[in-house]
Amino acid sequence: MEINAKIPPGKLAEKWAKAKSTYKLVNPSNKRKYDVIVVGAGLAGAATAASLGELGYNVKCFVFHDSPRRAHSIAAQGGINAAKNYQNDGDSIQRLFYDTIKGGDYRAREGNVYRLAELSVSIIDQAVAQGVPFAREYGGVLENRSFGGVQVSRTFYARGQTGQQLLLGAFQALERQIALGTVKMYNRYDMLDLVVVDGHAKGIVTRNLLTGAVESHAADAVVLGTGGYVNVFYLSTNAKASNATAIWRAHRRGALFGNPCYTQIHPTCIPQAGDFQSKLTLMSESLRNDGRIWVPKAKADKRAPGDIPEGERDYFLERKYPSFGNLAPRDIASRASKEVCDEGQGIGPSGRGVYLDFADSIERLGRKTIEERYANLFEMYHDITGEDPYRQPMRIYPAPHYSMGGLWVDYNLMSNIPGLYVIGEANFSDHGANRLGASALMQGLADGTLSCPSPSATTSPRSSARRSAQIAPSSARLPSRSRREPHAFFLQRERAASTPSIGNSAESCGTSAGWLEARKG
Ligand SMILES: Cc1cc2nc3c(=O)[nH]c(=O)nc-3n(C[C@H](O)[C@H](O)[C@H](O)COP(=O)(O)OP(=O)(O)OC[C@H]3O[C@@H](n4cnc5c(N)ncnc54)[C@H](O)[C@@H]3O)c2cc1C
């Protein structure tokens with residue numbers, strides 16, 4: 001098998017402009033001749049479905065939830081990054097690009113990440129235009145805070161409910177297209193399989209979760225925005241419904257994974273409390289702006305935190321990483337927390353915990369300021385643990401949180417199966433071995449609003465003969481692997497004259513060679 005990342009030539013900063021100027025355009029009256037299936041209506045899927053509908057394509061959007069508003073994106077708390085430099089603290093597209101590459105241990109694909117940094121600027125404008133109520137300074141300009149692994153403040157937020165507010169913005173854009181008839185919504189539909197005809201994605205098989213009916217739906221292109229797979233670890237910060245089945249089914253039809261081993265362990269989650277828990281609760285990274293992480297210097301110290309004097313506390317992140325302090329990147333902070341617990345300094349009933357302490361910030365800024373920034377997170381912690389974080393430090397411990405790996409995609413976000421696009425957390429391309437905080441929402445919206453709709457314009461208008469040969473959408477059979485479907489919707493894609501093979505391609509370095517080799521067999 002051969003894969004080609006199709007990175008546009010030229011300098012990093014010129015690649016996206018060059019790509020856009022060379023994509024084959026589809027004229028407005030031809031766009032409605034294309035059917036596109038979008039699976040998922042989280043931030044990535046809802047934004048894609050709305051954008052493609054707005055462009056004039058016929059879109060069918062499938063989710064297993066009862067409403068797009070239930071997608072896991074709604075759980076995102078802390079914020080969304082953008083290189084706006086509103087704080088005048090030295091931020092730039094180049095710096096966001098560099099931080100993302102470095103934060104991901106130099107394992108992300110540079111071309112995609114540079115585009116992401118460029119698009120971040122427009123994403124915030126788009127969200128503001130949709131009415132997303134970002135926090136503002138007293139003078140009215142948008143406020144920012146910091147997230148781990150960076151030394152600027154570039155994170156835009158809406159209290160501790162940024163994902164919810166962004167998803168409502170994307171949902172409204174989607175609803176508008178549904179009302180205009182460009183998007184047909186299929187709620188409570190589970191994608192069971194991907195239909196591949198002559199090597200091209202041509203549709204999906206679904207189960208209606210209310211009636212049980214199994215149906216197939218045909219399209220010229222299929223877009224998967226079905227989220228991450230970190231629930232394979234059983235206890236994680238993800239919603240229980242985030243089940244990873246869609247990308248797994250696409251993989252069984254030949255879509256390759258990239259970096260499936262790259263999983264983010266988030267440092268600030270509420271420690272597991274018992275055997276009957278179905279998930280873990282994240283305490284947003286934004287809390288590390290004002291909270292200080294520490295453990296007692298003495299091993300197995302059972303004193304209450306307030307009884308442990310300053311001199312007997314180990315602020316281990318500030319000690320080990322003075323330039324980033326408590327905002328060290330997630331992988332580094334998680335590892336450091338586990339290390340002190342392994343050494344016997346952990347706190348709480350299980351000894352698997354460290355303190356996240358707001359006492360200094362409350363004294364410096366006042367309780368009201370801390371309430372304004374984090375009230376809902378503090379309430380959530382209080383409801384779950386019964387402890388008041390205004391009076392005593394939070395107890396936190398690392399937990400599986402995000403999958404940087406996912407289905408392999410090229411620069412145009414297309415998988416190795418022509419016609420199958422993968423966006424948001426479901427793909428592998430932008431975060432390398434460690435995602436920086438507040439960059440997933442940025443990627444979901446950038447993929448959905450700007451990146452994915454652009455290369456969709458590289459499709460060629462299908463002929464009427466192809467159109468008439470479409471797969472009957474009502475067929476209720478799961479396609480067997482050997483059955484040949486009519487060669488219906490063929491997305492004409494130019495293959496590069498010399499497509500590099502997996503082993504030799506410089507662009508394949510971000511892809512798990514093991515998995516690819518397995519597929520070759
Ligand atoms: C607790 C928490 C807090 C977070 N906070 C932040 C933050 O502050 N900032 C940040 O940048 N990131 C944050 N993240 C990460 C971020 O929220 C996610 O990476 C992002 O929202 C994923 O969006 P998505 O659109 O790719 O997928 P999702 O929002 O997970 O949407 C998946 C969609 O696919 C559908 N679907 C899945 N499988 C199927 C199927 N088989 N058939 C039909 N439909 C299917 C679902 O119904 C859903 O609509 C957080 C994550 C967690 C867990």
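Predicted model: local features only at pLDDT ≥ 70, side-chain atom pairs only at ≥ 80, totals over all residues.
Colleague: Does one call D89 buried, exposed or partly exposed, and why?

Modeller: The reading rests on a count of neighbours: a residue is buried if 20 or more other C-beta atoms lie within 10 Å of its own, and exposed if 12 or fewer do. D89 has 13 C-beta neighbours inside 10 Å and therefore counts as partly exposed. As for its contacts along the chain, D89 and V152 are 63 residues apart, and their C-alpha atoms are separated by 6.1 Å.

Colleague: Let us turn to the ligand. Which residues come nearest?

Modeller: The shell around the ligand holds 46 residues, and G40, G42, S73, G227 and G424 come nearest. Two or more residues of the shell are given by each of α3 (43–55), α6 (162–180), β6 (189–197), α7 (245–252), β15 (394–403) and α12 (439–451). The largest share, four residues, comes from α12.

Colleague: How do the residues of the shell divide into nonpolar, polar and charged?

Modeller: There are 20 nonpolar, 24 polar and two charged residues in the shell around the ligand. At least three residues of the shell come from each of domain 1 (12–74 + 180–260 + 404–520) and domain 2 (266–401).

Colleague: Next, the sheets. Which strands pair with β9 in the parallel sense?

Modeller: In general, strands of a sheet pair through backbone hydrogen bonds, either parallel or antiparallel. Here β1 (residues 35–39) and β9 pair in the parallel sense over four bridges. Strand β17 (residues 420–422) also runs parallel to β9, with three bridges joining the two. V222 of β9 is the bridge partner of I37, and L420 of β17 is the bridge partner of V222.

Colleague: Which residues of β9 are on each side?

Modeller: In β9 (residues 221–224), A221 and V223 are on one side and V222 and L224 on the other; all are buried, and both faces of the strand are covered.

Colleague: What order do the strands of the open sheet of five have?

Modeller: The order is β11-β15-β14-β12-β13, and the pairing is antiparallel. The edge strands are β11 (263–269) and β13 (313–314), each of which pairs on one side only. Within this sheet, β14 (residues 354–357) and β15 run antiparallel and are joined by three bridges. L356 stands opposite M394 in β15.

Colleague: In what order do the three strands of the other open sheet stand?

Modeller: They form the order β6-β7-β8, with antiparallel pairing. Strands β6 and β8 (214–218) are at the edges with a single partner strand each, so one side of each has no neighbour in the sheet. From one strand to the next, the twist averages 25°. Five bridges link β7 (residues 200–208) and β8 in the antiparallel sense, and S216 in β8 is the bridge partner of V205.

Colleague: Finally, the backbone angles. What is phi of K6, and of Y106?

Modeller: Most residues other than glycine have a negative phi. Phi of K6 is near 50°, a positive value, and phi of Y106 is near 60°, also positive. K6 lies in the segment before α1 (12–22) and is partly exposed, with 19 other C-beta atoms within 10 Å. Y106 is in the loop between α4 and α5 (110–129) and counts as exposed, with 10 C-beta neighbours inside 10 Å.

Technical notes. Residues numbered from 1 in each chain as written. Near = placed C-beta within 6 Å. Nonpolar A, V, L, I, M, F, W, Y, C, P; charged D, E, K, R; others polar. Domains from an automatic or database assignment. Pairing = 2+ DSSP bridges. Axes fitted to C-alpha atoms, helices over the stretch in contact; angles between N-to-C directions.
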